[in-house]
Amino acid sequence: MIKAFVFALAALAVAVPAFAEVKQDNIRRLVKLEKRGLQSTTKTHLDGLITPVSTGAARGFAYDAGWLARQPSANGGTQWQCLAEALYFEARGETVRGQFAVAEVILNRVDSPRFPNSVCGVINQGTGRKYACQFTYTCDGHPEHINEPAAWERVAKIAKVMLSGAPRALTDGATYYHTHAVRPSWSRKFTRTAAIGDHLFYRAGYRLSSN
């Protein structure tokens, strides 16, 4: 009995350093993964993690025209301008819910390593040749004018609220969308995540959800 106990202690003495070494290797591996993840994470995403959602975005938030109308007039920097313009030219005829959904796609792209890591970068991706872009209004060759002040005021508020950290609860993480009027080839490669207003939303590997 004593002999067996001694052998067990000896085995444990050998195993503990080996276990500790494996544990240290796992810790080093996790640290490397975390470092890589932080390096690839966008500033926008990090800001959303460490900056509290603004009072306006959090208080009674709703995908509702009445709630939006009660929010103060919005303005902001370059990223806000890009997002507001994209919502105006891509979705100003949509409902408030539909406009929030388009904003989600743009911000989901910002957070994805597959796309540029800024709002303006995402919106202007591919712009340079006619129709060789992600958002048609940026490369269709036509000048863009904001002629509907009420529509602009609404999308400006949506852009502000979304950049302030409002929930992204409509599209199940979608990074693509198109209108019912077209059926692009890429839509067959991805799973539809939502159908809201005039648009269908997609992301690879996601199950269908209804909104």
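Tyr176 has a relative accessibility of 16% and therefore counts as buried, the term being used for anything under 20% relative accessible area, with exposed meaning over 50% and partly exposed in between, for a 1.4 Å probe and protein chains only. Phe115 is buried as well, at a relative accessible area of 11%. Before I go on, please keep in mind that this is a predicted model, in which local features need pLDDT of at least 70 and side-chain atom pairs count only at pLDDT 80 or more, while totals for chains, interfaces and linings use all residues. Residues are numbered from 1 along each chain as its sequence is written, and side-chain values use heavy atoms, with hydrogens and water left out.

Over the whole structure, a search finds 12 aromatic pairs, where rings of Phe, Tyr and Trp (its six-membered ring) pair if their centres lie within 6.5 Å, and planes under 30 degrees apart count as stacked, over 60 as edge-to-face and the rest as tilted. Phe115 and Tyr176 have ring centres 5.9 Å apart and planes at 65°, so this pair is edge-to-face. Phe115 sits in the loop between H6 and helix H7 (119–123), and Tyr176 in strand E1 (residues 176–179), so the pair ties together parts 61 residues apart in sequence; helices (H or I, at least four residues) and strands (E, at least two) are DSSP runs, numbered from the N terminus.

What is the geometry of the pair that Phe135 and Tyr177 form? This pair is tilted, with 6.4 Å centre to centre and 50° between the planes. Phe135 lies in the loop between H7 and H8 and Tyr177 in strand E1, 42 residues apart, and both residues are buried. Ring pairs also link Trp80, Tyr88, Phe89, Tyr137 and Trp152 into a cluster.

Turning to the helices, the axes of H5 and helix H8 (residues 149–163) come within 8 Å and cross at roughly 130°, the axes being lines fitted to C-alpha atoms, for helices over the stretch in contact, with angles from 0 to 180 degrees between N-to-C directions. In the contact (heavy atoms within 4.5 Å), H5 residues including Trp80 and Tyr88 meet H8 residues including Trp152.
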